Amino acid sequence: MVGGRLKETRFHDVYLPLRKDLKVVFHSPHAAAPKREFYTGTIVRELHRRIGTAGIVAGVSRAVADLNRPADHTGVDCSCPENYQREAVEEFFNQLKEIFRELGVLGENGKVREETLLFGIHGVKDEKGYGMILGTRNGSLCPIDLRDRIKKKLEVLLEAGGVDINQNPIGCEISGYEGHPFLEEVREKFGEKLNIIQLEISRTLRTRYTDQLITALSMVALAL
Ligand SMILES: [Zn+2]
C-alpha cells in the first residue's frame with residue numbers, strides 16, 4: 001500500500017500522504033537506535049499503511065541528530081558534530097513542507113493555510129504512571145479544546161479496545177516535558193494553523209496494545 005509513496009532521505013523515512021483529505025502528519029523523531037523509543041516508528045508507518053496518513057520517521061538516532069530539538073542542539077551525551085543536527089533539522093523542515101504542499105495546505109508565504117495537525121509520537125516509561133500524556137506547552141502549540149477533544153476520544157477508543165484506562169490514564173501537560181520548546185519554533189515557522197501535539201505513549205501501550213493504539217490514532221485522524 002506504500003505504493004511508491006515512501007521517500008528515504010539522508011536522515012528520514014518520509015511517507016507522503018496517500019489521502020489528501022487527512023490533514024495530519026505523524027512524526028517519530030526518536031525511532032532509531034541507539035536510544036530508540038520502541039514501536040514509535042512502527043506506529044507512524046502502520047498508520048500510513050492503514051489509512052494513508054503522512055509520516056516522518058527518524059532514520060538516525062537522537063545521538064546523531066535529535067529531530068525534536070533545535071538546529072543548535074548538541075545534546076548532553078552527543079559526540080556528533082553539530083552540523084548533522086543543523087542539516088537534519090533543515091531536512092525535517094523541507095520534508096514537512098513537501099508534505100504540506102502535497103496536502104494542499106501550504107500557502108504562498110510558506111505558512112500552513114488550513115488547520116493541520118502534527119502529532120509527535122514518543123515513548124514514556126511506565127513508571128510515570130500514565131498510558132499517554134498529551135503535551136502542547138499549555139496551549140501554545142495547539143488550542144486546549146482541540147487537545148481535550150482528542151484526549152477524550154483516545155480514552156473512549158482505547159477503552160473500547162480493552163485498555164484499562166484507570167490503570168493507564170491519559171494525562172495532559174504533566175511535567176511540561178511532553179512538548180519541547182523546539183516545537184514552538186516549528187509552529188512559528190508554519191503559522192498558527194499548524195497545531196502540534198506531542199504524544200508520550202507508555203511502554204505498555206506501545207508493546208502490549210500496539211494494534212489498539214494504532215486503531216485509536218487512526219480513528220482520531222479520520223475524525224479530525
Ligand atoms: Zn521521544
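Me: With its C-beta neighbours inside 10 Å, does Glu-173 count as buried, exposed or partly exposed?
Reply: The structure is a predicted model in which local features need pLDDT of at least 70 and side-chain atom pairs count only at pLDDT 80 or more, while totals for chains, interfaces and linings use all residues. Residue numbers start from 1 along each chain as its sequence is written. A residue is buried if 20 or more other C-beta atoms, placed from the backbone, lie within 10 Å of its own, exposed if 12 or fewer do, and partly exposed in between. Glu-173 has 17 such neighbours and therefore counts as partly exposed.

Me: In which loop is the place of Glu-173?
Reply: Helices (H or I, at least four residues) and strands (E, at least two) are DSSP runs numbered from the N terminus. Phi of Glu-173 is near 50°, a positive value in a residue other than glycine. The residue has its place in the loop between strand 7 and helix 4 (182-190).

Me: What distance separates the C-alpha atoms of Gly-139 and Glu-173?
Reply: Gly-139 is placed in the loop between strand 6 and helix 3. Its 14 C-beta neighbours inside 10 Å make Gly-139 partly exposed. Gly-139 and Glu-173 are 34 residues apart along the chain, yet the separation of their C-alpha atoms is 9.3 Å.

Me: In what order do the eight strands form the open sheet?
Reply: Two strands pair if DSSP finds at least two bridges between them. The edge strands, each pairing on one side only, are strand 1 (6-8) and strand 7 (170-172). The twist from one strand to the next averages 20°. The pairing in this open sheet is mixed, and the order is 1-2-4-3-5-8-6-7.

Me: Which residue of strand 8 does Ile-133 stand opposite?
Reply: Strands of a sheet pair through backbone hydrogen bonds, either parallel or antiparallel. Strand 6 (residues 132-135) pairs with strand 8 (residues 194-202) over four bridges, in the antiparallel sense. Within strand 8, the residue opposite Ile-133 is Glu-200.

Me: What angle does the direction of helix 3 make with that of strand 7?
Reply: Axes are lines fitted to C-alpha atoms, for helices over the stretch in contact, and angles run from 0 to 180 degrees between N-to-C directions. Helix 3 packs on the sheet and touches strand 6, strand 7 and strand 8. Its direction and that of strand 7 make an angle of about 170°.

Me: Are helix 3 and helix 6 roughly parallel, roughly antiparallel, roughly perpendicular or oblique to each other?
Reply: Helix 3 (residues 144-160) and helix 6 (residues 210-222) have axes 9 Å apart and pack at about 140°. Angles under 35 degrees count as roughly parallel, over 145 as roughly antiparallel, 65 to 115 as roughly perpendicular, and the rest as oblique. Helix 3 and helix 6 are therefore oblique.

Me: Is the crossing of helix 3 and helix 6 left-handed or right-handed?
Reply: A crossing is left-handed if the near helix is turned anticlockwise from the far one by less than a right angle, and right-handed if clockwise. For helix 3 and helix 6, the crossing is right-handed.

Me: Which residues of helix 6 make the contact with helix 3?
Reply: Two residues are in contact if their C-beta atoms, placed from the backbone, lie within 7 Å. Helix 3 contributes Ile-150, Lys-153, Leu-154, Leu-157 and Leu-158. From helix 6 come Gln-212, Ala-216, Met-219 and Val-220.

Me: How many residues of strand 5 are buried?
Reply: Thr-116, Leu-118, Gly-120, His-122 and Val-124 point one way from strand 5, Leu-117, Phe-119, Ile-121 and Gly-123 point the other way, and all are buried. Strand 5 (residues 116-124) is largely enclosed by the rest of the structure, because its buried residues number nine of the nine.

Me: How many bridges join strand 5 to strand 8?
Reply: Thr-116 stands opposite Leu-194 in strand 8. Strand 5 and strand 8 run parallel, and the bridges that join them number nine.

Me: Which residue of strand 5 is the bridge partner of Phe-26?
Reply: Strand 3 (residues 24-28) pairs with strand 5 in the parallel sense over four bridges. On strand 4, Phe-26 stands opposite Gly-55. On strand 5, the bridge partner of Phe-26 is Phe-119.

Me: What is the omega of the peptide bond from Ala-33 to Pro-34?
Reply: Pro-34 is found in the loop between strand 3 and helix 1 (40-51). The bond from Ala-33 to Pro-34 is cis, with omega near -5°.
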